Amino acid sequence: MTADCFLELDDVHVDLPVLDAHQRSFKQSLLRLGGGRLADRGGGMVVRALQGVSLRLQAGDRVALVGFNGSGKTTLLRVMAGILEPMQGRVRSRGRVVALFDALLGIDPDLNAYDNIALRGALLGLSDAEIARELPEIERFTELGAYLRLPVRTYSKGMLMRLGFAISTAVRPDILLIDEVLAAGDIQFNRRAEARLAETLGSSGIAVICSHGPNLLRQFCTSGVYMEEGRVALSGALEPVLGRYTDLRAAGAPARMAPPLAAVR
């Protein structure tokens, strides 16, 4: 862990283009993915996914990222990870960034587990020496035994999840970004995954966790950020942020807070 790791976003704006403005279903899909406003810009439609987001995180921060579907949480995480570039504003960071968005990203179904460990480990920035060092622990966590030598297309969904999660959490991050990584799997797996996640969090400098589960967030986080329509509506101590989110959810707020449409001339 880098003791002086940091992550800063200054006035970040992200627009996601809608390729065919006549396909309403595609527009709504982007709204759910990105959040924010739908706007007409230069004859085309865009989702205004992030609007003027500024955050400053430093070593020791454990941040819960909450908001209703379409509020911009996933877009924000992807900007933090360097997957999306802002159209306006600046993102700065120091330290190794590890994003746990999809535990199965980069898994090739025609390769066996060992080959996939090498492939996904490389995608996560692990050296050959680091992969070799972590291999026994990955083998132990998956509990797949002889199946590790079979093509992963022969695996069940649960077996795939164990493999993907074990590889993803083998990295020792400075900045850890998590998007509902424990959303799939049986109860026994989720318990083991939570324990392993706690170990990974313990070795990270900064962690940002996006989840709809307040109990999980209370277990791992000390502060929070609440998103609405692509903006940071509230940030600070964890309980006030979770309180606002859970109160609005109990009141049926998502129906009233659907991303509005706006025209840009």
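Tutor: Let us begin with a term: two residues are in contact when they have heavy atoms within 4.5 Å of each other. The model before us is a predicted one. Leaving out residues up to four places away in sequence, Val225 touches Leu55, Val63, Ala64, Leu65, Val66, Val232, Leu234, Ser235 and Val241.

Student: Where in the secondary structure is Val225 placed, and is Val225 buried or exposed?

Tutor: Val225 belongs to strand E9, which spans residues 223–228. A residue counts as buried under 20% relative accessible area, and Val225 is therefore buried, at 4%.

Student: What share of the contacts in the protein comes from residues 24 or more positions apart?

Tutor: Among contacts with a separation of 6 or more, that share is 72%. As for burial, 45% of the 265 residues count as buried. The accessible surface comes to about 12600 Å², and carbon and sulfur atoms account for 51% of it.

Student: How should I read the nonpolar cores?

Tutor: In soluble globular proteins, nonpolar side chains tend to be buried together. Here the largest nonpolar core has 43 residues, of which Leu163 and Leu176 touch the most other members. Helix H5 (residues 157–168) supplies the largest share of this core, six residues. Another core, of 28 residues, lies apart from it and includes Cys5, Leu16, Met80 and Val225.

Student: Which residues does Leu176 touch, apart from those up to four places away in sequence?

Tutor: They are Val98, Leu100, Leu197, Thr200, Leu201, Ser204, Ile206, Ala207 and Val208.

Student: How are the strands to be read?

Tutor: Strands of a sheet pair through backbone hydrogen bonds, either parallel or antiparallel. In this model the secondary structure comes to nine helices and 11 strands. Six strands form an open sheet of mixed pairing, in the order E6-E7-E8-E4-E9-E10. E6 and E10 are at the edges with a single partner strand each, so one side of each has no neighbour in the sheet. On average, and with direction ignored, neighbouring strands of this sheet are turned by 15° against each other.

Student: In what sense do E7 and E8 pair?

Tutor: Strand E7 (residues 175–179) and strand E8 (residues 206–210) pair in the parallel sense over five bridges. Within this pairing, Leu177 has Val208 of E8 as its bridge partner. Elsewhere, helix H8 (residues 238–250) lies across strand E4 (62–66), E9 and E10, and runs at about 135° to E10.

Student: What should I look for in the backbone torsions?

Tutor: Most residues other than glycine have a negative phi. Asp11, in strand E1 (residues 6–18), has a positive phi near 50°. Glu229 also is not a glycine and has a positive phi of about 50°; Glu229 is found in the loop between E9 and strand E10 (231–237). Asp11 is partly exposed at 35% relative accessible area, and Glu229 is partly exposed at 22%.

Student: Which backbone nitrogens does the side chain of Asn112 approach?

Tutor: A polar atom of that side chain lies 3.1 Å from the backbone nitrogen of Tyr114, and the side chain reaches the backbone nitrogen of Asp115 at 2.8 Å. Asn112 is in the loop between strand E6 (97–100) and helix H3 (113–123). Beyond its neighbours within four places in sequence, Asn112 is in contact with Leu148, Arg149, Leu150, Pro151 and Val152.

How values were computed
Residues numbered from 1 in each chain as written. Predicted model: local features only at pLDDT ≥ 70, side-chain atom pairs only at ≥ 80, totals over all residues. Heavy atoms only, no water. Helix = DSSP H or I, 4+ residues; strand = E, 2+ residues; numbered from the N terminus. Buried < 20%, exposed > 50% of the residue type's maximum accessible area, 1.4 Å probe, protein only. Areas by Shrake-Rupley, 256 points an atom, 1.4 Å probe, with all protein chains shown as cover. Core = buried A, V, L, I, M, F, W, Y, C linked by side-chain atoms within 4.5 Å. Polar contact = N/O pair within 3.5 Å; in protein donor to acceptor, adjacent residues only side chain to side chain. Pairing = 2+ DSSP bridges. Axes fitted to C-alpha atoms, helices over the stretch in contact; angles between N-to-C directions.
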